[in-house]
Amino acid sequence: MDFAGPIDPLTGTPAARFGLYVHFPYCLAKCPYCDFAVAVVRQVPEERYARAVLAELDARLEAEPSLRGRTLESIFLGGGTPSIWHPRWVAHVLEGVAARLTVAPGAEISLEANPSVADAERFAGYRSAGVNRLSLGVQSFQDETLKALGREHTGTQAVAAYETARRAGFDVVSMDFIYGVHGQTRAQAQADARQAAALEPEHLSTYALTVERESLAVATPLSRQLDKGELALPPDEEVVEMTKAIHDAYAAHGLRRYEISNHARPGFHSRHNALYWTGGEYLALGVGATGMLLTSRPGERPAGYRYVDLRGSDAYMRAAEEGKLPESSREELSPQELFEERLAMGLRLRSGVDWEAVCALYGQDPAPRRAEVARLVQHGLARLEGRRLVLTDAGADVHSAISARLL
């Protein structure tokens, strides 16, 4: 399936330029590492929430009428656990979006799903609703690791969910994994990677466990345990070895590392996630959702704003139902701030980024940075491919430090 997405000239990566993120905050249980805006409830207000999401969209279109002329090239339903949302309400939201905005033919429409048996029973319904890309939150096939992460499915159920997705008609399936988990060994991380690649998915996202409080939006049970000394993560050198073993296992099955934490078969990288890495604009709807829109006109230095919706589901729905923008905050973004994001995020892509063109676009002087670029190349942390600065594997492992030096 060839999803829509023009090629970003600064990175050479096909990416949506205007997308929509819909956050579904409800879960049956909260994982101890999760810092997202989620709510654990006995009864999910499925219909009310679907209508509130569309009410928010109406309010945003009323506030920004120019958005009505834009074409969505990607839609992503994330969470939380969107796979406990009944397919009829997912269809209601997707139909409501299409009635208000133009959705490009062949747009990438993704939904995150849990591998539990109950969730998997809905997969065919999501496919019928218009979802064409399923992202399974597997995290591990090792039951010991799943228990450490507070996940309620088993490795066997994860494999069964993948097979169910295929039978439901999903030609594009992604799976998410976490490594560097307390108690996890290098052999277990490697076994996860080999089993995942052997299933032949189109896409794999694999992230090292983040527990440090300063890296999280809010404190989590695991971050509190770490602060108290009750939790010990694998040493950094062990995590580095896990990283290499995982990448080698994926590469052996034809999955190319196209971004620091993401691998895909040729033509199957995420157009929606690439939007974030290439400075695209995105509407966001739902509890705790974050959106970014540009306010500058053609020919002007890029400027815009980022907004964050209310994190409480009841407060969010009340505001949306009253026709208000259910925002908790809004931040104006200057050309300087957008430049920093564009360069740092572009360097995450293994295609690299035309860093001097980024400087020119946002009114930054490249001259003071040329010596640092030369040092990165000299020390094997980056290479120049034409006009693009591309991080090597060694450079990708210290991406944040490199970005800080260039900025």
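Is Gln-139 buried or exposed? With 8% relative accessibility, Gln-139 counts as buried (under 20% relative accessible area is buried, over 50% is exposed and in between is partly exposed, using a 1.4 Å probe and protein chains only). Before going further, know that this is a predicted model: local features need pLDDT of at least 70, side-chain atom pairs count only at pLDDT 80 or more, and totals for chains, interfaces and linings use all residues. Residues are numbered from 1 along each chain as its sequence is written, and side-chain values use heavy atoms, leaving out hydrogens and water.

- Gln-139 lies in strand S8, residues 133-139 (strands are DSSP runs of E with at least two residues, helices are runs of H or I with at least four, and both are numbered from the N terminus).
- Glu-200, again not a glycine, has a positive phi of about 65°, and this residue is found in the loop between helix H7 (186-198) and strand S10 (203-208).
- The peptide bond from Gly-79 to Gly-80 is cis, with omega near 25°.
- Gly-80 is found in the loop between strand S6 (71-79) and helix H2 (87-100).

**Aromatic rings**
- Rings of Phe, Tyr and Trp (its six-membered ring) pair if their centres lie within 6.5 Å; planes under 30 degrees apart are stacked, over 60 edge-to-face and the rest tilted.
- By this rule there are twelve aromatic pairs, including the edge-to-face pair of Tyr-276 and Tyr-282, at 4.8 Å centre to centre and 85° between the planes.
- Tyr-276 counts as partly exposed because its relative accessibility is 28%, while Tyr-282, at 11%, counts as buried.
- Ring pairs also link up Phe-24, Tyr-26, Tyr-49, Trp-85 and Tyr-316 as a cluster.

**Charges over rings**
- The charged end of Arg-60 sits over the ring of Tyr-307, 3.7 Å from its centre (NZ of Lys or CZ of Arg must be within 6 Å of the ring centre and within 35 degrees of the ring normal).
- Arg-70 has its charged end over the ring of Phe-18, 4.3 Å from the ring's centre.

**A helix pair**
- Helix H14 (residues 367-378) packs with helix H16 (residues 399-406) at an angle of about 155°, their axes 9 Å apart (axes are lines fitted to C-alpha atoms over the stretch in contact, and angles run from 0 to 180 degrees between N-to-C directions).
- H14 and H16 are therefore roughly antiparallel to each other (angles over 145 degrees count as roughly antiparallel, under 35 as roughly parallel, 65 to 115 as roughly perpendicular and the rest as oblique).
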